[in-house]
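This report looks at two protein chains, their folds and the places where they meet. Please keep the sequence and the structure at hand while reading.

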Amino acid sequence: MLSFFGMTFSHGVHPPDSKSLTEHVAIRRMPFPKRLALPLRQHAGKPARLLVRKGDRVQRGDMIAEADGYVSVPIHASAAGTVAAIDWWPHPDGTMAETVILDVEPWSPQIPRPRLVPDWNGLTPAQVRKAVQGGGVVGLGGAAFPTHVKLSPPADLELEWLLVNGAECEPYLTTDHRTMVEFPERVHFGIRIMMQCLGVQRAVVGVEMNKPDAIAALERTKPADLDVTIQPLVVKYPQGAEKMLIKVVTGREVPSGKLPMHVGAVVQNVGSIATIAEIFETGLPLIERVVTVTGSGVRRPSNLIVPVGAMLGDVLDYCGGLTDDAAEIVFGGPMMGSSQPDMRTPLVKGTTGVVVLTDREVKPKTTYPCIKCGHCLDACPVFLNPSRLGLLAQAGRYEEMRDAYHLMDCMLCGSCSYVCPSNIPLSQMFSLSKNMLRKQQDLVAASAPKKDVA
Amino acid sequence: MEAPRFELTASPHIKGPDSTPRIMWTVVATLVPVVGAAVWYFGPSALLVISASTAGCLLTERVFGPGGAVRDGSAAITGLLLGLTLPPGLPMWMAGLGGVFAIGFGKLVFGGLGQNIFNPALLGRAFLQAAFPEDLTTWPDMSGPWSALRGDNLALPLMSADPVATVTGATPLGLMKFEGTDTELVRLVLGSTGGSLGETAAVVILLGGAYLALKKYLDWRIPVAIFATVALLSALIHLLDPSKPGALFMLFSGGLMLGAVYMATDMVTSPTTPRGAWIFGFGIGALVVLIRLWGGLPEGVMYSILLMNALVPFIDRATKPRLFGTGKEAMA
């Protein structure tokens, strides 16, 4: 099933990978900025519950907000300092969110402290999960799903595979690439922790073939006592989508509406795996991450270790600032990331990169009517009919989109919009349609007649 | 720092190189050699007819279409294709009127680009065929100097062509149907036969089609399905009844090349699903053979495509692609 040659899924698109700006630039550590903004909502699930008040002094690594329930993780101070305010602040998702503003103490040495996360040796899987949640670890690939939940599969499901996602199929981004090249041992240590925790015997690391140095580094440091395969993958978007990776490596399609666990696989991003290893190595929770700051609109494209909560303006300043023709700033990759209007917006746990596009690189504004060319059908990795879905969305026929054209299987990867010659914002329309259906459902649920208690 | 105004767009923030005008103008570019071949064979008449139909299309799009729509190139394609389906001796005013009808009633009444059900060029041609049946089936004799007009191209508007001005000849399909005469295959392939302007340049049309298929600007499945169906069906029939023409004659005569490569593949009026494209092409091929061999007309490409155009919404609905994670590929 696994082959030496690259493997891939059907359909998908080939945007220029644009990684040459940073793929050979070593990771550097960005100095602490004067101020940090730490939103309480940096993960999928319930936002963390605030523990500090204005004026409180915190040490680097201190918990400033605790996990609120099971699908939630705590937030830690990424630097020693004083809580300057707790306020509504611009959030990467485009809203204003409750945020702890921290004035960093310039004289603080920010030295490592006694372990905040226990040593991994001798921990049971349950203790590992607890430590991972306590360390505030979430998926670093962008979705920021709490990692300890992924480490706790239901007992009735038999898991066979740990799939490590090193595809990094988003153009421009090189954080996973650099992590694999510079910290391959850490990746393998993370794989060991996860395999033990999940009780799986096989791990496969999928890496796109445009990162030969990463593949070589992982091969070189592979531990002898674990069944780990490094699988080269064809360079194609969205190769790193969970369902695509599973299909490629295991030959199985995750049934529509089901989770990877249902085909016996757990997928974890390589950056998250390295982070799991890192918190056990250093004893510090997740308070910094690797971010690619790149694009032709940045003067000094870099791979940086950035403290969580560093603001966009500070990060860009450290990278030499913007060029005169910088036109759009995107958090994450250009295919699924989100545009940012505000320099105060913090980089959070799920921020994989900052991509600055120039005037020439931004999307054209003109759209044309759908000419039914079918290019979107050839692009859609889950075999939807985006052309038809788009027409239905324009007509507001959301139920038909869901019931007859499988809208809910759309993962908003953006492949259809990317290829559309008429420049129709298909994935934006699908995201909107999904939200409309969700709202509708909530309304129906709210207006349903309540059972008479008396 | 002083914050400049940044773009705010929904993801994805980058866009592939293809655009609708680029596709349309590429098609126009590949039609230029086809027009060139028509002029080579039929002389200045070809240019007059094609210019008239194209002018009719562009003018109608400009006057009644949405602002700037002429620039997307789709009306130019319709005009060129319509011109290529017409006989070389047709009065220019008829060709122009055909263009007006093609865009006005073939496209704009449906709501403009992307909304029409039928191929506009073929609808224009069908209109002309119904309105001026005689002029549309008057095929000039190919004798005389290259520069001679092939008919009364310059007839005044609302006047029919002066019959004296035209020495009539016949098309290979007409010869086959009504006189039982065969035409040499080499002449068919190279196009040195009577017929409509674009009926005659098989090689040029195929080259243009191959280029467009490589660029993915047309779905190769449609012409392949049409050719395969026509070839297999007519070969089979020829085997049973040798008086009927063979596969090669059927492939290279009449408007099949132009129709299969440039008209049936019109993105707007053909299925979007791969399986749909096969069904669509098969249907056209079968109808062409039926009409040519047993219908009242010598040629049936136009009606075959228009008939299948009408079925496209149903074909699309019936051939939805398999959803990822369903069917036998999904592991429950």
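In what follows, helices and strands are DSSP runs, a helix having at least four residues and a strand at least two, and they are numbered from the N terminus. Read along its sequence with these terms, chain B follows the pattern α-α-α-α-α-α-α-α-α-α-α-α-α-α, which corresponds to 14 helices and 0 strands. It should be kept in mind throughout that this is a predicted model.

**Chain B and its contact with chain A**

Chain B has 332 residues, of which 55% count as buried. Among the contacts in chain B with a separation of 6 or more, 75% are made by residues 24 or more positions apart. Where the two chains touch, the contact takes 39 residues from chain B and 54 residues from chain A. On the side of chain B that touches chain A, the residues divide by class into 17 nonpolar, 13 polar and 9 charged.

**Domains and cores**

In chain A, the domain assignment gives domain 1 (125–282) and domain 2 (375–447). The C-alpha centres of these two domains of chain A lie 29 Å apart, and 5 residues of domain 1 are in contact with 5 residues of domain 2. The side of domain 1 that touches domain 2 has 4 nonpolar residues, 1 polar residue and no charged residues.

In soluble globular proteins, nonpolar side chains tend to be buried together. The largest nonpolar core here holds 147 residues, and of these A:Leu162 and A:Leu163 touch the most other members. At least three residues of this core come from each of domain 1 (125–282) and domain 2 (375–447) of chain A. Leaving aside residues up to four places away in sequence, A:Leu162 touches A:Ile191, A:Met194, A:Met195, A:Leu198, A:Val200, A:Ala203 and A:Val266. Another core lies apart from the largest one and has 81 residues, including B:Val34, B:Val204, B:Leu212 and B:Val301.

**Strands of chain A**

Strands of a sheet pair through backbone hydrogen bonds, either parallel or antiparallel.

Strand S13, residues 288–294 of chain A, is mostly covered, since 7 of its 7 residues are buried.

A separate description covers the open sheet of 4 strands in chain A, whose order is S2-S8-S7-S4 and whose pairing is antiparallel. Strand S2 (35–39) and strand S4 (57–58) stand at its edges and have a single partner strand each, so one side of each is left without a neighbour in the sheet.

Notes:
Residues numbered from 1 in each chain as written. Chains lettered and ligands numbered in written order. Predicted model: local features only at pLDDT ≥ 70, side-chain atom pairs only at ≥ 80, totals over all residues. Domains from an automatic or database assignment. Contact = placed C-beta atoms within 7 Å. Nonpolar A, V, L, I, M, F, W, Y, C, P; charged D, E, K, R; others polar. Core = buried A, V, L, I, M, F, W, Y, C linked by C-beta atoms within 7 Å. Buried ≥ 20, exposed ≤ 12 C-beta atoms within 10 Å, placed from the backbone. Pairing = 2+ DSSP bridges.
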